[in-house]
Amino acid sequence: MRVVIVGAGIGGLAAALALAQSGQQSLVLEAAPQLGEIGAGIQLGPNAFHVLDQLGMGETLLKGAVYVDSFRLMDSATGRQINRFSFGTEFRQRFGNPYVVVHRADLHRSLLDACTSSGLVEIRTGVTIERFEQDARAVRAVAAGGRSFEGDALIGADGLHSAVRAQIVRDGAPRVSGHTTYRSVVDVEAMPEEFRWNSMAVWVGPKSHIVHYPLKGAKLFNLVATAHDEADRALAGAAVTDEEVAEKFAHLVPDVWRIISCGQAWKKWVLCDREPVENWNDGRVTLLGDAAHPTLQYFAQGACMAMEDGMCLANALGAFGPDVVEALDAYRRERLVRTARIQLGSRLIGDHIFHPSGVHALTRNATLESIGDAAFMNAFAWLYDAGNTHTSVKRPTAVPQPAV
Ligand SMILES: Cc1cc2nc3c(=O)[nH]c(=O)nc-3n(C[C@H](O)[C@H](O)[C@H](O)COP(=O)(O)OP(=O)(O)OC[C@H]3O[C@@H](n4cnc5c(N)ncnc54)[C@H](O)[C@@H]3O)c2cc1C
């Protein structure tokens, strides 16, 4: 079995590593001339570590991670805390892993190093795949210029603007959400002392929200500021001026304003997602991660889902042996509802928790104020519990037919 993977992001590398663990070879084709991730933090829920543990990487990554001790929900219109949910001992014991933040580059590099040392993953950079073709025996990823790469299965892990998806789903460009996100990473000294919380802090307010958390042994702080500004063109990682950011968030209380004003070298994204679709397979070809189910980041689960997908896919290919088409279909069915729940739920979080104003915001506060830690954990059990990750696929055992 040789699997061709298009895209060496977190999802593509996690899939390659999971395949290598079950003894399967893969060829990863990446359009960028160099491998890497953007210089920002990433939140990883306990479910991500259920997968990373299976990949043998959990302990290594936890060494460089910051264990945030709570999720603080703040009202950026009043400066008041709405509630604070613990990520402490009870949470860690209940879900078997902590809620942490790591640097994206550390996560990507760890996956890359593990792939390289497995001896079963070949990675080629500077290869842009345009389409695929297949027959009953094999599938080929075809690159710009006509060069092709053959395998038994092909995985499109090529992100939001996936070329592999375009050929399967044919649903055009992603949906532009009208939300603009600004990101900055600052030294801890730049962050006002009273806000150097070891928390996943989210300030929610009228058509905007701000997230901050410590990074790299709390030497850095990650700032993410989002405005529902009706932006209408997709954008990823464009440099912007401090003035643009200041203007967007000027209406918020002075505390929030002080946090925003410590940011520098801001970059912006205009966020996109897609409607969940029921089918993302075509014979020997499937999708994973953002190529399959791109989502707004409000659950902080896009990369977590991509890693879960990779593990599930490798398990399915292992369980079904040479029946590649069946294996890929079993994988798709296993992942469909869980990932759609993230896509649809993220939109709801944006509209009803992060961005409301007026009586909607008051109602949100009243609802969330009354929730305790136990109810918070129960609400997230479908997502974080090790038994609910939908990463294992078993080949159904044939039911014996009565002799005629
Ligand atoms: C502001 C923000 C904050 C986020 N925070 C979190 C978080 O805290 N936790 C979390 O889990 N997720 C988070 N996410 C989501 C997460 O970043 C993505 O879901 C995840 O990175 C997707 O990984 P992927 O491997 O599927 O796709 P990508 O990371 O997009 O990788 C796709 C790869 O394919 C390559 N490629 C593209 N086209 C081709 C082609 N034609 N041929 C060859 N190669 C190609 C690309 O160069 C790229 O390397 C956040 C997203 C945003 C925007």
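Me: What makes strand β10 (residues 139-143) mostly covered?

Reply: Five of its five residues are buried. Buried means under 20% relative accessible area, exposed over 50%, and partly exposed in between (1.4 Å probe, protein chains only). This is a predicted model: local features need pLDDT of at least 70, side-chain atom pairs count only at pLDDT 80 or more, and totals for chains, interfaces and linings use all residues. Residues are numbered from 1 along each chain as its sequence is written, and side-chain values use heavy atoms, without hydrogens and water.

Me: Which way do the residues of β10 point?

Reply: Val-139, Ala-141 and Ala-143 point one way. Arg-140 and Val-142 point the other way. In a regular strand, side chains alternate between the two faces of the sheet.

Me: Why is β10 called a strand, and what makes β9 (residues 129-134) its partner?

Reply: A strand is a DSSP run of E, at least two residues, and a helix a run of H or I, at least four; both are numbered from the N terminus. Strands pair if DSSP finds at least two bridges between them. β9 and β10 have five, in the antiparallel sense, so they pair. Phe-132 is bridged to Ala-141 in β10. A hairpin of four residues joins β9 to β10.

Me: How do you know that β10 also pairs with β11 (residues 148-151)?

Reply: Four bridges link β10 and β11, again antiparallel. One of them joins Arg-140 to Glu-150 in β11. Four residues lie between the two strands of this hairpin, and Gly-145 in the turn has a positive phi of about 95°.

Me: Why do β3 (41-44) and β4 (66-67) count as edges?

Reply: The open sheet runs β3-β7-β4, with antiparallel pairing. β3 and β4 each have a single partner strand, so one side of each lacks a neighbour in the sheet.

Me: Which element gives the most to the shell around the ligand?

Reply: α9 does, with three residues.
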